[in-house]
Amino acid sequence: MYFMTERINVVLPTQTLTVLDRLAPKGDRSRLIDTAILYYVTHQAKSNLAQRVQKGARANAQRDLELAEDWFTLED
C-alpha cells in the first residue's frame, strides 16, 4: 500500500532527540514518529471516551438508582 508523504521540519529538545536516536536509526525516524503519533492519538481517544463514560455515569447515578429501586419494588 502506498501513502502520500510530506517532508516537514520538527524541532525537538536535545534529550528527546537522543532518545529517538537510540530507538531508531536516522533512516527510520519518520516511521517511529508516525507510529508514535498514531499510538498517542488512539490512546487519547480511548482515554477521552472512558472519561466521558465515567462522567455520564456519575451524572446519571441518582436517576439510575431510582430506576433500579422502582424495578426492585415491582419484583417484590
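Residues are numbered from 1 along each chain as its sequence is written, and side-chain values use heavy atoms, with hydrogens and water left out. Because the model is predicted, local features need pLDDT of at least 70 and side-chain atom pairs count only at pLDDT 80 or more, whereas totals for chains, interfaces and linings use all residues.

The largest pocket holds about 700 Å³ of space; a pocket is here an open set of points on a 1 Å grid over the protein atoms alone, with protein on both sides within 12 Å along at least five of seven lines, where a 1.4 Å probe fits, and lining residues have an atom within 4 Å of a point. Of its 18 lining residues, Glu6, Ile8, Arg29, Ser30 and Ile33 are the closest to the centre. Helix α2 (29–59) gives the largest share of this lining, six residues, helices being DSSP runs of H or I with at least four residues. The lining divides into eight nonpolar, four polar and six charged residues.

The second largest pocket, with about 200 Å³ of space, receives two or more lining residues from each of α1 and α2. Its lining includes Ile8, Val10, Leu12 and Thr16, and comprises 10 nonpolar residues, one polar residue and no charged residue. Threonine 16, located in helix α1, is partly exposed at a relative accessible area of 38%, where buried means under 20%, exposed over 50% and partly exposed in between (1.4 Å probe, protein chains only).

Three salt bridges are found in the whole structure, each defined as a side-chain nitrogen of Lys or Arg within 4 Å of a carboxyl oxygen of Asp or Glu. Arginine 29, which is among the residues closest to the centre of the largest pocket, pairs with aspartate 21 at 2.5 Å, N to O; arginine 29 is partly exposed at 22% relative accessibility, as is aspartate 21 at 36%. Arginine 31 and aspartate 28 meet at 3.5 Å, N to O, with arginine 31 exposed at 58% and aspartate 28 partly exposed at 29%. Aspartate 64 and arginine 63 form a salt bridge at 2.7 Å, N to O.

Technical notes
Grid points are joined across faces, edges and corners, and a volume is the space filled by probe spheres set on the points. Ala, Val, Leu, Ile, Met, Phe, Trp, Tyr, Cys and Pro count as nonpolar, Asp, Glu, Lys and Arg as charged, and the others, Gly among them, as polar.
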